[in-house]
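Thanks for coming. I will go through one model, and the sequence and structure are on the next slide.

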Amino acid sequence: MLYRGSCHCGSVRFQFDADTITSGLRCNCSLCVRKGATMSSFVLAPDELSIDISGDCLSTYEFGSDVAQHHFCNRCGIYPFHQTLRKPGHYRINLGCIHGLDAADLPFEVFDGASL
Ligand SMILES: [Zn+2]
């Protein structure tokens with residue numbers, strides 16, 4: 001089905017096609033544990049995610065190996081998606097940013113990013 005999402009202020013909007021989302025993923029690395037977001041358990045190739053950004057509202061934070069790209073809206077501060085360490089260039093989505101999806105109610109697995 002088609003999923004649409006955005007950051008809080010709407011400056012970063014995105015959409016993608018995926019199977020019905022029934023679970024998520026959390027990570028215990030030093031960054032994710034601070035964000036506390038539930039992410040998609042699947043990854044999207046760059047051509048599977050349509051991104052629409054107002055101006056220069058999308059900023060990127062890097063740390064450690066600088067492979068993962070942690071994107072955030074520099075207007076409202078929300079993290080809508082990132083490009084992964086394990087599959088460079090591919091995206092995981094912040095499920096809390098998806099319209100009409102109750103991300104707080106989804107079961108999730110925990111990825112042990114702290115041990116990388
Ligand atoms: Zn925003």
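In which strand does Asp-52 lie? Asp-52 is in strand E5, residues 49-53. On terms, helices (H or I, at least four residues) and strands (E, at least two) are DSSP runs, numbered from the N terminus.

Before going further, the ground rules. This is a predicted model, where local features need pLDDT of at least 70 and side-chain atom pairs count only at pLDDT 80 or more, while totals for chains, interfaces and linings use all residues. Residues are numbered from 1 along each chain as its sequence is written, and side-chain values use heavy atoms, with hydrogens and water left out.

Back to Asp-52. The relative accessible area of Asp-52 is 40%, so this residue is partly exposed. For the classes, buried means under 20% relative accessible area, exposed over 50%, and partly exposed in between, with a 1.4 Å probe and protein chains only. Asp-52 is 38 residues from Phe-14 in sequence, yet their C-alpha atoms are 5.9 Å apart in space.

Gly-55 counts as exposed because its relative accessible area is 70%. Its C-alpha lies 8.1 Å from that of Ser-11, 44 residues away in sequence.

The next loop, between strand E6 (58-61) and strand E7 (69-73), contains Asp-66. Most residues other than glycine have a negative phi. Asp-66 has a positive phi, near 65°, and is not glycine. Asp-66 is partly exposed because its relative accessibility is 41%.

Now the metal. Which atoms coordinate the zinc ion? Cys-7 (SG), Cys-9 (SG), Cys-73 (SG) and Cys-76 (SG) do, at 2.3 Å. Donors here are N, O and S atoms within 2.8 Å of the metal (3.2 Å for Na, K and Ca); water is not among the atoms, so sites may look incomplete. The angles among the 4 donor atoms run from 108 to 113°, and the site is tetrahedral. That label requires, for four donors, all angles between 85 and 135 degrees. Along the chain the donors follow the spacing C-x1-C-x63-C-x2-C.

Are Cys-73 and Cys-76 buried or partly exposed? Cys-73 is buried, because its relative accessibility is 0%. Cys-76 is partly exposed, because the value there is 24%.

Next, a sheet. It is an open sheet of 3 strands in the order E4-E3-E10, and the pairing is mixed. Strand E4 (39-40) and strand E10 (108-111) are the edge strands, each pairing on one side only. Two strands pair if DSSP finds at least two bridges between them. Strands of a sheet pair through backbone hydrogen bonds, either parallel or antiparallel. Strand E3, residues 24-27, pairs with E4 in the antiparallel sense over 2 bridges. E3 pairs with E10 in the parallel sense over 4 bridges. Leu-25 has a bridge partner in each neighbour: Met-39 in E4 and Glu-109 in E10.

Two further positions. Helix H1, residues 32-35, includes Val-33. Val-33 is exposed, because its relative accessible area is 54%. The C-alpha atoms of Val-33 and Gly-113 are 80 residues apart along the chain and separated by 9.6 Å. Met-1 sits in the segment before strand E1 (2-6). Met-1 is exposed too, because its relative accessible area is 52%. Between Met-1 and Arg-13, 12 residues apart along the chain, the C-alpha separation is 17 Å.

Last, the pockets. A pocket, on a 1 Å grid over the protein atoms alone, is an open set of points where a 1.4 Å probe fits, with protein on both sides within 12 Å along at least five of seven lines; lining residues have an atom within 4 Å of a point. What is the volume of the largest pocket? The volume is about 320 Å³, taken as the space filled by probe spheres set on the points, with grid points joined across faces, edges and corners. The largest pocket is lined by 18 residues, and Cys-29, Ala-68, His-70, Leu-85 and Leu-116 lie nearest its centre. The lining comprises 10 nonpolar, 6 polar and 2 charged residues. Here Ala, Val, Leu, Ile, Met, Phe, Trp, Tyr, Cys and Pro count as nonpolar, Asp, Glu, Lys and Arg as charged, and the others, Gly among them, as polar.

Conventions: Four donors count as tetrahedral if all angles lie between 85 and 135 degrees; four count as square planar and six as octahedral if opposite donors are over 155 degrees apart and all others between 65 and 115; anything else is irregular.
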